[in-house]
Amino acid sequence: MENGTALVKHDNNPDHDHDFENTHDHTHHHHVQPELRQTRRTREQLTHIKGWGADLDHKNRPAVPMERTPPRYTPAGMATPQAQEQKVEVLVSNERPGITQLHGSVQPPSGLSGMLRRAAFKYTENDLRHWLILLGADRINVVEGIIEDLSHGHVPNILGEMGLKAELKHNPKGLAKKVAIAGAIGAAAYFLLKDREERY
Amino acid sequence: MLAMNYRGPYRVRATHKSDPVIEHPGDAIVRVTRSCICGSDLHLYHGMVPDTRVGHTFGHEFIGIIEEVGSQVQTLKVGDRVLVPFNIFCGSCFFCQKELYGNCHNVNAESTAVGAIYGYSHTAGGFDGGQAEYVRVPMADVAPIKIPDDIVDDDAVLLTDALPTGYQAAEMGDIKEGDTVVVFGAGPVGIFAAKSAWLFGAGRVIVVDEVEYRLKFVKNYAQCEVVNFKDVGDMALHIKKMTDWLGADVCIDAVGCDAAGSMAQTVTGRLMKMQAGAATVLHWCINSVRKGGNVSIVGVYGPTFNAVPIGNALNKGITMRMNQASVKRHLPRLIEHIRAGHIDPKQIITHRIPLEDVADAYHIFSSKLDNCIKPILIPPRAHEVRAVTASVEK
């Protein structure tokens, strides 16, 4: 085959790899791709599907246009709701001029995690530190939760909280595998540490 | 009351908490009769969402009975059976007046990017959710709707999020007649996105996942083609081979930050949390869609950043649309579809689990045990009225 001459054979099977020929100078000569056209099913091939095309017309699409004024499902010109009384500490994004008319009031910030959350809210949402500090606070909050449980005389059933009962019922082999892996890692760590102690 | 209680990543339990109270004259208290665990609850459960506080009650997909109303509530009364969209919204702000109910600016003090969502961390407003016996519902005149008598509870609860989100995913794809639509994710939202794609006139619907039982289900439920990504070498190449080498017209991300399928994304996004979750599916969407095609994103990602091939999106001239579903605007049309028999949402429910066993429910759903597709939590007082009626009849 001469350089630049197209191979006309085209394998249309998607499972087959792209064809090429090696020449003595190790240049790969690829098939020229055929004209690519979309294959589309006709309406007749699709109407057996229940409801097919019911919302093809844009007037049947409830979210078109995306921004729809006046709104259909809330009163146009509705008054801003009166402000909810603030009864607990609520952290407010500094990308707002003030607290919103409605706000959530559960789990106000507390403890060390609360201090971190307050610190996070000194940064804007645009600042990565805001989110990274919050993620750090979340992890500390988990430890605080365990301490809180213990301080109330409740020993948390951590395995139960992780769904041990369901795991035993629906995935006993998987559970056995996890226990075996954890046991092997534990045993390896024990012997490594033991050897280390003996060496020194 | 009994409520789901978050204790840390992969740890939840059912505990007794104080009953919610009216905090604003527009509030109502709803006695929950059904609540679902949503795939996006798993992002919280896995510790992926910043400002998820210990003690928080999750649950943004719930229905129930009005138990108490604030002094300003006019359209609902005690005893009404209501469906509560997952978005909390005021109805009056700049965004609500444009029907962008998922983007309300008056209800989430703690963030400006995120609207308020029941039981979805303090980043989403710090409201406890509906995986409980009772829940506080702000702006009760605005968001909830009375459930029509001919809509059963199991369909109604799926109208609070999963079905509208799947439907909006397909709508945002701007599907044209005969388009090839690839849906990544065969969870409840992906299943409904696939089903909805036909309503918008798709010519082919292809669903991609790695969980074989879910692919089997969606193939039958949504009459679509399926691909197990574990069986293919490169996802984008495979989609191109399936679509005349051009790519799909529309790709939908119905997975979000907990995606599997890429070691690099899994390690940096899910394990090391160096990005806001694994953006594997977003990567696949951009690289699998055709030039000039549409990518629709309803999978949830965190607020920091993700590694995605945005340069390819530019060079291919892709339109990308995404949002939290604006549930209320979809409800009338979706109820029509249910009545017409176009969609039977309740078929995806695989598990009904007492709220007391919430830890097991989360583990089953998260680990995809027992062929779980959609678990529903039933609070102890869900059938209180019926129980009283039964005892009177005796």
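This is a predicted model: local features need pLDDT of at least 70, side-chain atom pairs count only at pLDDT 80 or more; totals for chains, interfaces and linings use all residues.

Reader: OK, how is chain A divided?

Author: Chain A has domain 1, covering 90–156, and domain 2, covering 158–191. Taken over C-alpha atoms, the centres of domain 1 and domain 2 of chain A are separated by 32 Å.

Reader: Switching to chain B. In what order do the six strands of the open sheet come?

Author: The order in chain B is 12-11-10-13-14-15, and the pairing is parallel.

Reader: Which strands stand at the edges?

Author: Strand 12 (225–228) and strand 15 (319–322) of chain B do. Each has a single partner strand, so one side of each lacks a neighbour in the sheet. From one strand to the next, the twist averages 20°.

Reader: And how many bridges join strand 14 to strand 15 in chain B?

Author: Four, with strand 14 of chain B spanning residues 289–297. In that region, B:Val295 sits opposite B:Met320 of strand 15.

Reader: New topic: helix 8 of chain B. How many of its residues are buried?

Author: Nine of the nine, across residues 280–288, so helix 8 of chain B is largely enclosed by the rest of the structure. Among them are B:His283, B:Trp284 and B:Cys285.

Reader: What covers the buried residues of that helix?

Author: The cover includes strand 10 (180–184), strand 13 (248–253) and strand 14 of chain B. On the helical side, helix 6 (235–242), helix 7 (263–271) and helix 9 (310–316) of chain B are included too.

Conventions
Residues are numbered from 1 along each chain as its sequence is written. Chains are lettered from A and ligands numbered from 1 in the order in which they are written. Domain bounds come from an automatic or database domain assignment. Two strands pair if DSSP finds at least two bridges between them. Helices (H or I, at least four residues) and strands (E, at least two) are DSSP runs, numbered from the N terminus. Axes are lines fitted to C-alpha atoms, for helices over the stretch in contact, and angles run from 0 to 180 degrees between N-to-C directions. A residue is buried if 20 or more other C-beta atoms lie within 10 Å of its own, exposed if 12 or fewer, and partly exposed in between; C-beta atoms are placed from the backbone. Two residues are in contact if their C-beta atoms, placed from the backbone, lie within 7 Å.
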